[in-house]
Amino acid sequence: MPNPHDKLIAAAAKEILGPTGFNRKGRSRIWIKDHGWWLSVVEFQPSSWAKGSHLNVAAHWLWIEQDHLSFDHGGRVEPFVEYTSDAQFQFEATRFAEAAAEKSVELERTFNSIEAAAAVLAVKERELPEQARGSWSAYHAGMAAGLSGGTADAAGLFNSIRDARVRLAVARVNNSLADPDEFRRTTDVLIAEHRKALGFEPVSSMSAIA
């Protein structure tokens with residue numbers, strides 16, 4: 001049987017996030033909004049030590065070969081709030097859901113096109129400390145750059161990757177980078193496979209979405 005605080009979170013999310021296009025992932029505390037080539041992900045993250053919730057909101061890019069969600073751009077929005085009573089936590093759950101809705105609108109405005117995503121993600125990668133560069137953030141920035149026509153920028157970002165796990169992802173797309181149409185077709189396949197693994201319906205190609 002769900003705990004009282006879980007019910008309060010679910011009710012607040014359904015009331016506030018549901019009308020904006022979010023759907024709950026199964027019976028979890030994760031709510032997702034589908035944008036075709038990326039997802040808005042809201043997580044009312046539980047704690048192992050106490051009843052309550054943190055709040056995480058992020059964009060998840062779909063141009064990657066994996067079967068799970070990740071918080072690719074964004075993260076913690078609200079720190080942990082402990083459940084002490086129904087009345088107290090109903091207020092907090094509503095506040096969290098409203099904060100999630102506000103942050104999600106901000107993400108949608110930020111990533112309203114592939115060109116906008118390319119610009120934002122390139123800046124994000126450049127602003128990372130030197131030791132943190134060359135990993136998944138560089139891959140995502142490179143994918144956005146390649147899809148927006150910045151082939152040289154994408155190549156530079158892909159070549160900067162030092163993480164062996166990420167180089168495996170780059171290997172799948174790098175050969176098609178010089179041909180924009182082929183690069184988009186390769187990306188279409190990645191997105192389709194990832195959407196299928198997550199249980200989402202197919203969508204139009206990147207050419208139509210972007």
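## R195 and its surroundings

R195 touches D34, G36, L62, F200, E201, P202 and V203, leaving out residues up to four places away in sequence; contact means heavy atoms within 4.5 Å. This is a predicted model, where local features need pLDDT of at least 70, side-chain atom pairs count only at pLDDT 80 or more, and totals for chains, interfaces and linings use all residues. Residues are numbered from 1 along each chain as its sequence is written, and side-chain values use heavy atoms, without hydrogens or water.

R195 sits in helix α7 (residues 180–198). Helices (H or I, at least four residues) and strands (E, at least two) are DSSP runs, numbered from the N terminus. R195 counts as buried because its relative accessibility is 3%. Buried means under 20% relative accessible area, exposed over 50%, and partly exposed in between (1.4 Å probe, protein chains only). The side chains of R195 and D34 are joined by a polar contact of 2.6 Å. Such a contact is a pair of N or O atoms within 3.5 Å; within protein, one must be able to donate a hydrogen and the other to accept it, and residues adjacent in sequence count only if both atoms are side-chain atoms.

## Aromatic pairs

The structure holds 10 aromatic pairs. Rings of Phe, Tyr and Trp (its six-membered ring) pair if their centres lie within 6.5 Å; planes under 30 degrees apart count as stacked, over 60 as edge-to-face, and the rest as tilted. W38 and W61 form a tilted pair, because their planes are at 50 degrees, with ring centres 5.9 Å apart. The pair links distant parts of the chain: W38 is in strand β3 (residues 38–43) and W61 in strand β4, 23 residues apart.

W61 is buried, at 0% relative accessible area. Its ring and that of F111 have centres 4.9 Å apart and planes at 90 degrees, so this pair is edge-to-face. F111 is buried too, at 2% relative accessibility. Ring pairs link W37, W38, W61, W63 and F111 into a cluster.

## Nonpolar core

The largest nonpolar core has 59 residues. Helix α2 (residues 86–110) gives the most to this core, with 8 residues. Such a core is a set of buried Ala, Val, Leu, Ile, Met, Phe, Trp, Tyr and Cys residues joined through side-chain atoms within 4.5 Å. W37, W63 and Y139 are among the residues with the most contacts inside it. Beyond four places in sequence, the contacts of W63 include W37, I114, Y139 and M143.
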